[in-house]
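Let's walk through this one together, from the overall layout down to a few side chains. Have a look at the model first.

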Amino acid sequence: GVTLVTIIWGFQIPCNGPFHWLAILTILQGLAGMSFGFLISALCDTQAVAMQLSIGSFYPNLLLSGILWPLEGMPVLLRKFAMFLPNTLACSAMRDIMLRGWGI
């Protein structure tokens, strides 16, 4: 919530779509991230292994989900793989709500 408020009011980034859908999407994405963290902690025996697994899965997810690099610029095989990542559709939905003004 703090990040969303900072983006909208702190940095004056325009949100052309409904704000409540953007807030709901942010909350759901946060819950998905926490669930992924719980899954990693349940699978690992030590904290060191959990840290390595979380970092090793976070960076490919960040790079391939369209947050840093657009999906249209990726090869077709990576684009198909990116559709299975949890952040890809959420990132696309946030862009559509904020820039295009679409609702859900």
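This is a predicted model: local features need pLDDT of at least 70, side-chain atom pairs count only at pLDDT 80 or more; totals for chains, interfaces and linings use all residues.

Residues are numbered from 1 along each chain as its sequence is written, and side-chain values use heavy atoms, with hydrogens and water left out.

The C-alpha trace spans about 45 × 35 × 25 Å along its principal axes. Of the 104 residues, 24% count as buried, meaning under 20% relative accessible area with a 1.4 Å probe, protein chains only.

Now zoom in on helix 1 (residues 2–10) and helix 2 (residues 19–43): their axes come within 10 Å and cross at roughly 145°. Those axes are lines fitted to C-alpha atoms over the stretch in contact, with angles running from 0 to 180 degrees between N-to-C directions. Helix 1 brings Leu4, Ile8 and Trp9, while helix 2 answers with Phe19, Leu22, Ala23 and Thr26; contact here means heavy atoms within 4.5 Å.

As for cysteines, the structure holds 0 disulfides, a disulfide being a pair of cysteine sulfur atoms within 2.5 Å. For Cys91, the nearest cysteine sulfur belongs to Cys15, 14 Å away. Cys91 is buried at 12% relative accessibility, and Cys44 is buried too, at 14%.

Notes:
Helices (H or I, at least four residues) and strands (E, at least two) are DSSP runs, numbered from the N terminus. Buried means under 20% relative accessible area, exposed over 50%, partly exposed in between (1.4 Å probe, protein chains only).
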